[in-house]
Amino acid sequence: MASSGKSGPSDVSISIAAFGEDVAHQYIIDALVKRIAGEMNIEVTMNWRNAARGYPKMIRELKQYSQGLKTEEDWPDLMVVATDANCKGWNERAKELPIDGHLVPVVLAIPDPHVERWLLLDSEAFKKVYGRGFDEPKKKCERDFYKKLLINALINVGAATGVGTLARECSEEIISAMNLRSATRIDDSLKRFLDDLRSALRQVSRSD
């Protein structure tokens, strides 16, 4: 970690090594991290080491990355690992992740059941961005349930351009407009991630 070298609102620069299952994790988690860091006057650099080809690939990349770090200078200031709970629950999913023994704080983002649900927690935010909201869904474990709901919501407002660009095109705008306090009252997994992220950012920013 180093000083940003400027006297503006961001006095500290923090490097984050991030791992996710796919691009939806990358863009949604990226937007959340940058929003929270911005609110804390912290500048972050996100270095995504993996965000493709699913859970097994992410685990392999996480292990290889950790094993390849030889000295403390090699380590980032913070690590973020994102994986869907898939209705296993936060604790069970967390037990599967090879995160013990790291020299820096590790923050887990474990959306329950899937990360797309986090973009569907605030219909008013969606309405602010696209001019029209949606009926808030009930929690379900069906595979791709929330991805389909999000795609349909975007199609209904004429904003969807394809599954491949889905998360990139809507994540930053929706998350910027979200009432995170209300959203975290609805979704415990989002609350846990944001609470843990704030705690880790405070810890790292004070350790310089």
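1. A disulfide here is a pair of cysteine sulfur atoms within 2.5 Å. One turns up in a search of the whole structure. The model is predicted: local features need pLDDT of at least 70, side-chain atom pairs count only at pLDDT 80 or more, and totals for chains, interfaces and linings use all residues. Residues are numbered from 1 along each chain as its sequence is written, and side-chain values use heavy atoms, with hydrogens and water left out.

2. The partners are Cys87 and Cys141, with sulfur atoms 1.7 Å apart. Their link is left-handed, at -100° about the S-S bond. Cys87 sits in the loop between β4 (78–82) and α3 (90–95), and Cys141 in the loop between α4 (123–130) and α5, so the pair ties together parts 54 residues apart in sequence. Helices (H or I, at least four residues) and strands (E, at least two) are DSSP runs, numbered from the N terminus.

3. Buried means under 20% relative accessible area, exposed over 50%, partly exposed in between (1.4 Å probe, protein chains only). Cys87 is partly exposed at 30%. Cys141 is partly exposed too, at 49%. Cys170 is buried, at 1%.

4. Fourteen residues line the pocket, and Asp22, Asp84, His114, Arg143 and Asp144 are the closest to its centre. Helix α5 (residues 145–156) gives the most to the lining, with three residues.

Conventions
On a 1 Å grid over the protein atoms alone, a cavity is a set of points where a 1.4 Å probe fits but cannot get out, and a pocket is an open set with protein on both sides within 12 Å along at least five of seven lines; lining residues have an atom within 4 Å of a point.
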